[in-house]
Structure formats: structure tokens, C-alpha cells
Amino acid sequence: RIIFFTKPLNQLFGSSCVADIIVFIIQFSTMKMGNCLCMCLLRYIEHREKLMKGGGERAIYQHTQRKKKFLVRERLHMLLDDEDYLELCPFAGLGLPYGDVPSASSVAGIGKINGLWCVFIANDATVKAGLTFPISVTKTLRAQEVAIKNRLPCVYLVDNSGVFLPLQSGLFSDKNHAGRFFYNEAVMSAMKIPQLAVVCGTCIAGGAYAMVMVEEAVIVQRIGTVALAGPPLVKAATGEEVSPEDLGGAKLHTEVSGCIDYFASVESEAYQCSRNIITTFNFELPEESITEVEGPLYSAEELMGLAPKSYNYSLDIRLVDRLTDGSRLQEFKARYGTTLLTGFARVEGHQVGIVANNGELTYEASLKGSHFVQLCDQRDIPLIFLQNTAPQPVHTLSQAKGSMMSTVACASTPKITIVVGGCHGSDSYAMVSRRNNACIWLEEESSAFFSSGRIWDDGVILPQDTRKVYQETKSTALLAFTFVPVKNTNF
């Protein structure tokens with residue numbers, strides 16, 4: 001059934017430069033159910049429908065009927081073990097100055113393939129022929145970052161027509177532009193993180209280099225091509241007429257050039273071949289210890305009614321009793337720095353440390369936060385940050401707050417950040433913020449969809465789904481944490 005929620009939050013950002021896994025923006029209900037709520041729900045449904053339609057009916061028809069190719073989510077259905085995967089940045093590309101690019105022309109996420117957690121990045125060729133936009137590069141790099149930080153194998157489903165040249169200044173020149181993709185591939189290879197590519201469409205220019213940098217690659221006959229330039233450019237440059245298949249098709253690259261390792265007659269065969277390849281990775285994360293999970297005493301549905309009507313004020317962060325196992329929290333320094341709640345709890349059976357704003361991050365609260373984060377890092381306990389601050393004067397930055405920023409940045413334990421209320425000014429830095437943020441923003445720029453469209457976070461979730469999302473993220477973040485030797489932290 002559909003869960004109702006309302007107005008976008010103010011001043012929202014995700015986390016990441018120091019966070020180890022995924023950051024989500026949560027939208028809470030700010031008013032009673034009514035016309036305004038229905039309008040917000042309709043907006044959410046509209047965005048979801050737009051994403052699911054990709055490039056629209058005409059593009060889907062050309063993709064499936066004329067080119068005889070599967071849609072991107074059909075491809076994932078054949079590749080992954082089940083539909084229960086965690087999608088990253090689904091709202092990326094909406095509301096951009098150069099127009100909407102639904103899902104940034106790709107679907108990325110974390111799912112299981114033959115029982116092994118993998119990051120996947122799949123082009124959606126129905127969106128503007130699968131062209132790469134600046135936001136597409138940002139999304140791909142974010143997915144690769146998740147793979148690197150959590151030591152997860154990476155699978156690329158390539159159906160890409162190249163880059164959108166009118167915006168090439170935002171695609172090639174800087175450190176975190178398209179060239180970073182190849183750098184990340186090399187880094188993952190050096191870290192012995194397996195990478196696999198499936199060429200299920202065109203693979204032009206830089207995409208061709210990407211294919212030869214992975215360990216193994218599969219190509220589909222007639223629909224998969226790999227070339228530095230397509231037939232039109234060959235004709236313009238040399239006068240020679242050549243078919244896509246002869247220029248860079250499956251037979252050429254598996255029989256002549258040797259650039260591709262596996263030949264598939266049809267798409268379904270390519271995904272079955274990919275699943276078989278993954279069984280040969282000899283790459284296993286430590287198995288999870290299965291324990292009986294106790295649910296909260298209070299219903300998660302009540303989360304929608306706990307937020308204030310105005311985000312000029314912070315909500316009561318005691319809502320954590322709807323998130324923790326048995327609604328239990330062993331609060332740390334309960335009487336000191338009361339605008340920050342810290343404590344130990346279990347979520348889905350896992351020991352965690354919770355750091356949650358209950359207003360402005362004061363001097364005392366910052367000292368308390370630093371102490372608690374160091375304690376969790378010393379004990380290798382993952383941290384969950386709940387960002388929830390009220391607007392504050394610009395001059396509230398203090399030495400104690402700077403100390404907390406440093407402590408959070410240096411802590412090596414996994415961190416998951418969830419924005420549940422306002423996220424303002426310097427407080428967001430100390431609470432694991434992804435980007436620099438100003439104290440005052442325009443209303444439109446403070447919406448969850450605005451920030452998610454620009455990949456300032458990894459997605460928008462409903463409050464009552466928080467435990468479910470945590471269950472999915474911890475399966476990768478916490479297992480990777482035990483897989484990689486923990487470094488000694490010097491604060």
C-alpha cells in the first residue's frame with residue numbers, strides 16, 4: 001500500500017566524504033493528511049513514474065521493438081538473484097538546468113548475484129540514447145566509490161552512445177569528471193576487487209577503454225558493439241562505409257581483436273554467462289552471524305506524525321525508539337550537552353552507536369559527540385548519524401565543534417547518515433555531511449528532490465522504511481568493515 005508523506009525538508013544534504021556507506025534523505029510528515037499532503041504525494045508519484053518510464057514511450061518502443069533489446073530493469077532482473085536490491089541515487093538528474101535526465105541515464109545499486117553482494121551500474125539507453133551527461137558521471141563515480149570503500153565486486157551493463165558534447169566542459173576537464181572512471185577501475189583492480197562488463201548495446205569512445213580495463217567482459221551478438229567511433233564518423237573521416245558489426249561487433253572482438261572474452265548469441269545468455277563468471281571470482285565477504293531480531297515496541301508508521309510543522313524548529317529526536325530493537329537505547333552522557341543525543345542500541349540485531357541532533361550543536365554537545373565517536377571507534381562499533389538541527393547564527397562555530405568534525409573524519413568505523421529534519425550550517429559538517437552548505441537556502445533548493453536530483457545524497461526514503469534500508473546497507477558496510485583490517489585511529 002502507499003504510505004503518505006509530505007513537504008520536502010529544509011536545508012538537506014547527504015553524507016559521504018567521511019562516511020563509509022550510504023546516505024539517505026528522509027521526508028517526514030509536517031501536517032495532517034489533507035489537500036497539501038495529497039499534492040506532495042502526487043509529486044512523489046509523478047517523479048517515480050517519470051523514472052520508471054525512462055526516456056518515454058517512443059524511446060522504449062524503439063529500444064525494445066526496433067533494436068530488440070531488453071529494458072534496463074529487465075536486464076537487472078535476469079542478472080540479480082532477486083528484486084530486493086538497494087538502488088542508489090534513483091532521483092538523480094531531475095530538475096537540472098539543462099533539462100531532466102531521468103535517473104541520470106543509468107540504474108545503479110547494490111544487489112546479490114549468485115549470493116555475492118555486488119555493485120552494479122547499468123546504462124538506460126531509452127534516456128536520450130544512453131548519452132552520458134555530467135550528472136551521469138557523478139552517479140557512476142558515486143557507485144564506484146561505494147564499491148571501493150566496501151570492497152564489493154562491480155558489474156557494468158554497457159549501452160552507451162557516448163557523451164553529450166554540448167556539455168563536454170563538465171565531462172572531461174576536472175579531477176572528478178569522466179577520466180576518474182578509468183582511474184577508479186585501475187584502483188579497484190589493484191585492490192583485487194573483481195570487475196565484469198556486459199556489452200549489451202553501443203560502447204563508444206571512452207566507454208571502449210572502460211571495457212578493456214575490466215578483468216572479464218561479455219558481448220551480445222548483433223546488439224553489442226565496441227568502437228572508438230561509430231560508422232558515421234568512419235565515413236566522414238575516411239570515406240569508408242562499414243557496418244557496426246564489422247567495425248566493433250561481437251565476432252570481431254571475440255575472434256579477431258580478443259578485447260572481449262565471452263560471446264553471447266542473445267541477451268539472456270549474456271546475463272547467465274555473467275552469473276557463472278561471478279562464481280569464479282573466489283571473492284567472499286565474511287558471512288553474517290544470524291541472530292533473532294527484535295522489532296521496536298512502537299510502530300514505525302507513527303514516525304510520520306512526529307515532525308514539527310515548521311523546520312525552523314528541530315523535531316524531538318526521541319523518535320529513535322521507533323528505529324531501535326526493542327525500542328531500547330543506552331544513553332551516553334544523558335545529562336550533559338542535551339542538544340545532542342548519543343547512545344548505544346541495536347538495529348536489526350547489530351550493535352550501533354547513535355549520534356542524533358536534538359537542536360543546535362552547542363559547545364557541550366560537541367564535546368560529548370567527540371567523546372562518544374571516539375568510544376565507538378575504539379570498540380569498532382558502527383555509527384548512525386541522525387541530522388536534525390534548527391537554524392542557527394553564523395557565529396556558532398566553536399573549537400569544540402571543530403574538534404568533533406576532526407574526530408568524525410578520523411574515525412575508521414562505518415558511518416551511515418540519515419537526514420531526518422533540518423541540516424543547517426556548520427552542524428552538518430560535524431554530523432557527517434557530504435558537501436559544504438550555506439546557512440540560508442531558497443525554499444526550492446532545500447527540497448529533498450532538488451538535492452537528490454544533484455546527488456547530494458543517495459536517495460529519498462520514507463520514514464517507516466528506515467530499518468529496512470539500514471538492513472540493506474549494513475549487509476555491505478559492516479561485512480566490508482570486517483573484511484578489511486581496521487586501522488589504528490589517531491585523533
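Q: How many bridges join strand S10 to S11?
A: Strand S10 (residues 330-331) is joined to S11 by two bridges, and the two strands run antiparallel; strands are DSSP E runs of at least two residues, numbered from the N terminus, and a pair needs at least two DSSP bridges.

Q: What kind of model is this?
A: The model is predicted, with local features requiring pLDDT of at least 70 and side-chain atom pairs pLDDT 80 or more, while totals for chains, interfaces and linings use all residues. Residues are numbered from 1 along each chain as its sequence is written, and side-chain values use heavy atoms, without hydrogens and water.

Q: Back to S11: which residue there partners glutamate 331?
A: The bridge partner of glutamate 331 is glycine 343.

Q: And what links S11 to S12?
A: Eight bridges pair S11 with strand S12 (residues 350-357) in the antiparallel sense. Leucine 341 stands opposite alanine 356 in S12.

Q: Which residue in that hairpin takes a positive phi?
A: Glutamate 348 does, near 55 degrees, in a hairpin with two residues between the strands.

Q: Is S11 mostly covered or exposed?
A: Strand S11 (residues 340-347) is mostly covered, with seven of its eight residues buried, that is, under 20% relative accessible area (1.4 Å probe, protein chains only).

Q: New topic: at what angle do H5 and H6 pack?
A: H5 and H6 pack at about 0 degrees, their axes 10 Å apart. They are therefore roughly parallel to each other (angles under 35 degrees).

Q: Which residues make the contact?
A: Phe181, Phe182, Glu185 and Ala186 of H5 meet Gly206, Tyr209, Ala210 and Met213 of H6, contact meaning heavy atoms within 4.5 Å.

Key:
Axes fitted to C-alpha atoms, helices over the stretch in contact; angles between N-to-C directions. Helix = DSSP H or I, 4+ residues; strand = E, 2+ residues; numbered from the N terminus. Parallel < 35°, antiparallel > 145°, perpendicular 65-115°, else oblique. Buried < 20%, exposed > 50% of the residue type's maximum accessible area, 1.4 Å probe, protein only.
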